[in-house]
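These are my notebook entries on a structure that I looked through residue by residue. I began with the aromatic rings and then turned to the backbone and to one helix.

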Amino acid sequence: EVILGWKAVDVIGLSFVSKVFPEQYQEDHSRTLTRYLESRDPTLLGKRFETTALHRDGWEFPVELAFCPLELHQTIQFCVFLRDIRDRREADRALLRETMLVHLLQGVSTAANEAPTIELALQSSVDWICSLMGWTVGHVLFRSQENPSELLSTPIWYFDHSCKPEMFKEATMNVSHGSDLSGRVLATQQ
């Protein structure tokens with residue numbers, strides 16, 4: 001009841017698969033149960049796997065699941081163990097983010113230390129950042145010393161293969177306070 005939102009009385013006698021799994025997964029789970037009933041192959045069930053469950057209110061969430069068949073009086077019933085793993089998935093994502101950050105910092109600091117010029121250090125850094133973050137475009141801008149609300153474009157860019165560099169270069173030639181995304185970032189410090 002707590003995990004799926006169903007009261008036992010509301011689902012007794014109904015198809016477990018249709019109540020617990022989103023439509024796109026129902027056929028696979030039904031097919032597995034049918035194959036087990038036809039073959040009694042113990043390797044089909046009894047092991048844990050991760051899948052997506054459907055809450056009574058219609059939202060999907062990750063679960064760990066195990067079907068265990070029970071044969072009683074020549075009738076097969078299934079005992080289902082289901083565990084909500086949203087917290088574990090979020091912890092995995094947080095660990096991945098931390099690992100990526102450490103990798104990024106290591107790569108950027110190594111590249112910056114090995115570069116013979118500040119321009120090459122910045123180019124290497126923007127390449128590392130964009131590659132690791134999956135960004136298609138990266139650009140280094142400097143704050144103007146004469147006018148702190150103005151950003152100055154540099155020739156330091158990162159482009160992956162899917163974008164048109166000319167469009168981005170033209171759009172960022174002269175950026176001033178609040179005039180575009182970079183200017184708004186400068187103005188708000190966010």
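**Entry 1: aromatic pairs.** I searched the whole structure and found 4 aromatic pairs. I counted rings of Phe, Tyr and Trp (its six-membered ring) as a pair if their centres lie within 6.5 Å; planes under 30 degrees apart count as stacked, over 60 as edge-to-face and the rest as tilted. One of the pairs is Trp59 with Phe61, which is tilted, at 5.2 Å centre to centre and 50° between the planes. I then looked up Trp157 and Phe159, whose ring centres are 5.0 Å apart with the planes at 10°, so I recorded this pair as stacked.

**Entry 2: basis of the model.** I note that this is a predicted model, in which local features need pLDDT of at least 70 and side-chain atom pairs count only at pLDDT 80 or more, while totals for chains, interfaces and linings use all residues. Residues are numbered from 1 along each chain as its sequence is written, and side-chain values use heavy atoms, with hydrogens and water left out.

Entry 3: Trp59 is partly exposed at 33%, whereas Phe61 is buried at 2%.

**Entry 4: a charge over a ring.** I found Arg86 over the face of Phe61, at 5.2 Å from the ring centre. The criterion is that NZ of Lys or CZ of Arg is within 6 Å of the ring centre and within 35 degrees of the ring normal.

Entry 5: Arg40 lies in the loop between helix 3 (23-39) and strand 1 (49-54); helices (H or I, at least four residues) and strands (E, at least two) are DSSP runs, numbered from the N terminus. Arg40 is partly exposed, at 40%. His73, also not a glycine, has a positive phi of about 50°. I located His73 in the loop between strand 2 (60-72) and strand 3 (75-84), and His73 is exposed, at 79%.

**Entry 6: Gln26.** What does Gln26 touch, not counting residues up to four places away in sequence? I found Val17, Ser18 and Phe21, where contact means heavy atoms within 4.5 Å. Gln26 belongs to helix 3. From Gln26 to Phe16 I noted 10 residues in sequence and 9.6 Å in space, C-alpha to C-alpha.

Notes. Buried < 20%, exposed > 50% of the residue type's maximum accessible area, 1.4 Å probe, protein only.
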